[in-house]
Amino acid sequence: MTIKNKLRAGIGFLFVLAIICCGMSIYFLNRLSADAGAILKDNYKTVKYMQNILTAIDSRTDKLSADQQKTINDNLVLQEHNITEAGELQLTDSLRAVFESLKHGSDNKIAESDLRNRLHKQVYGIMKLNMDAIARKNDKANTTSKRGSLLVAFLGAFLFLVAFSFAVNFPGYIANPIKELTARIKEVSNKNYHQQIHFESDDEFGELGQAFNNMTRKLDEFENSNLASILFEKKRIETIINSMHDAIIGLDEKGVIIFANQVACNLIGMKADQLNGKYAPDIAIENDLMRKLLVNDQAKLRIFADEREGFYSRESLSVSSRDKVIGKVIILKNITEYQQLDEAKTNFIATISHELKTPISSIKMSLKLLEDERIGEVNAEQRQLIGNIDDDTRRLLLITGELLDMAQVETGKLQLNFGSTHPQNIVDYAVKAIKFIADQKHVEIKVKCDESLPKVHADLDKTTWVLINLLSNAIKYSHEKSTVELVVKKRKNDEIEFSVTDHGKGIEEQYLPRLFERYFKVPNATSEQSGTGLGLAIAKDFIEAQAGKISVDSEIGSGSTFYFTLKRAIAAA
């Protein structure tokens with residue numbers, strides 16, 4: 001039988017018991033009502049009639065009057081139609097005979113008194129007979145009431161016990177299998193597949209138990225059949241990780257170290273069995289490198305291991321499963337060789353750039369002499385060649401200057417001369433330096449710099465160089481006879497913002513994140529607009545070295561806005 005049918009049967013049984021209890025109660029109530037009705041309807045009326053006759057007889061002691069006779073006769077007629085008890089008919093007939101004798105009797109007072117006594121005797125006899133009947137019927141009603149009360153109480157108690165037993169046991173019949181199934185499922189979730197459920201029933205729970213047992217058997221078979229291959233793959237992965245030249249450390253979602261290859265163990269200075277299964281922050285308390293790996297977000301680390309110094313790039317990869325992070329992998333790549341090559345490249349560029357400045361300056365001086373009429377006259381073609389050489393020389397000086405600045409930044413030898421100056425000074429120097437280029441292209445520079453602005457804490461030369469670079473780029477990308485806005489304002493966090501806005505064609509959104517990368521050039525730029533790709537990268541290094549920020553907003557067709565911020569100078573006490 002299914003659980004649904006069992007529920008129906010149990011609830012139906014309780015419903016039948018309730019109907020039986022109600023039926024019995026109604027039956028005995030009707031019996032009591034019938035007995036009580038019989039007492040009131042029959043015997044009580046007879047007693048009432050007899051009382052009326054007695055009252056009429058005793059109202060006068062002499063001969064019965066017409067009214068007395070009428071009252072006695074009327075009540076006697078009613079009594080004759082209300083015969084209910086055995087022997088009552090004979091007593092009523094005798095009462096009628098005595099009444100008739102008394103009504104037609106003589107004037108003999110003795111005889112009349114005797115008839116009155118007989119009449120009283122007959123009336124009392126009828127009354128006694130009905131009173132006895134009332135008592136008997138009352139006893140019968142009481143007996144019926146007691147029997148009904150006992151039966152109803154017994155049936156109610158039985159119904160209560162059945163309902164109580166049903167209420168106590170049936171939830172367990174449903175809940176206990178579910179509870180056992182839940183416990184077994186928890187064991188299965190912990191990969192304990194040797195679980196079996198035995199429900200001795202032929203309902204849905206029995207089917208569920210069989211299905212669960214089949215499932216655990218299949219899972220156990222699957223686990224055993226794949227365990228060897230899983231262990232083999234695990235061993236192979238560990239071998240691959242240990243054979244890699246990069247340091248690799250794996251952590252679970254709680255920060256416990258799952259694995260660390262031999263390279264990582266050598267760098268940390270601990271054995272694999274000292275790391276695996278340990279809580280990483282606990283190890284970081286006594287191990288500086290582990291502490292740096294956990295809390296340091298630097299992409300490049302300098303590590304001293306195996307009695308030599310090396311450079312490593314740090315990369316942290318989150319491992320996710322179904323949109324839930326289940327761990328992470330930290331990879332340290334040895335970039336010492338690349339770092340040395342990069343330093344050699346930087347030194348080479350710095351040396352070459354420095355060496356080029358002297359001959360280029362000599363060429364500039366020679367061009368000035370050629371332009372001097374005291375040296376000699378030059379024709380138009382020669383003057384054009386001199387102009388081209390002068391432009392190329394100026395471009396070479398700009399490139400070598402930027403390369404020297406970049407070398408200075410990369411070698412960490414950037415020297416900043418901080419001071420307190422008003423933003424207007426920086427603006428004035430930059431605008432004067434760029435005015436000649438702006439006039440050649442007929443570009444107007446509109447400056448908005450309030451004199452009430454506070455002073456800034458900055459390197460005047462480096463900041464002016466950055467602003468000149470931004471203005472130069474804005475003029476390059478502006479149309480002729482257009483406007484470039486230079487605005488200086490105070491921000492809410494007490495920083496001073498310098499912004500340069502042009503109204504050129506703008507920069508595509510995909511190129512904005514790369515504008516401040518070294519050697520990056522926006523595609524499709526003209527030869528006049530294209531530079532070395534170092535200017536904005538150097539500007540970014542100069543501004544960030546002064547604890548400022550530099551960024552850009554641009555939209556195709558609406559021009560571009562480059563802006564940077566500087567810290568407000570702290571007033572002297």
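Q: In this predicted model, at what angle do α13 and helix α14 (residues 535-545) pack, and how far apart are their axes?
A: The packing of two helices may be read from the angle between N-to-C directions and from fitted axes. Here α13 and α14 pack at about 145°, and their axes lie 10 Å apart. The crossing of this pair is left-handed.

Q: Which residues of α13 and α14 meet?
A: On the α13 side they are K462, W465, V466, N469, L470 and N473; on the α14 side, G535, L536, I538, A539, F542 and I543. By class, this contact comprises eight nonpolar, three polar and one charged residue.

Q: Which residues have the most contacts inside the largest nonpolar core?
A: A nonpolar core joins buried residues through side-chain atoms within 4.5 Å. The largest has 41 residues, and L467, F498, L515 and F564 have the most contacts inside it. With neighbours within four places in sequence left aside, F498 is in contact with P423, I426, V427, L467, V487, V488, F562, Y563, F564 and L566. A second, separate core of 21 residues includes L251, A280, L289 and L293.

Terms used: Residues are numbered from 1 along each chain as its sequence is written. This is a predicted model: local features need pLDDT of at least 70, side-chain atom pairs count only at pLDDT 80 or more; totals for chains, interfaces and linings use all residues. Side-chain values use heavy atoms; hydrogens and water are left out. Axes are lines fitted to C-alpha atoms, for helices over the stretch in contact, and angles run from 0 to 180 degrees between N-to-C directions. Helices (H or I, at least four residues) and strands (E, at least two) are DSSP runs, numbered from the N terminus. A crossing is left-handed if the near helix is turned anticlockwise from the far one by less than a right angle, and right-handed if clockwise. Contact means heavy atoms within 4.5 Å. Ala, Val, Leu, Ile, Met, Phe, Trp, Tyr, Cys and Pro count as nonpolar, Asp, Glu, Lys and Arg as charged, and the others, Gly among them, as polar. Buried means under 20% relative accessible area, exposed over 50%, partly exposed in between (1.4 Å probe, protein chains only).
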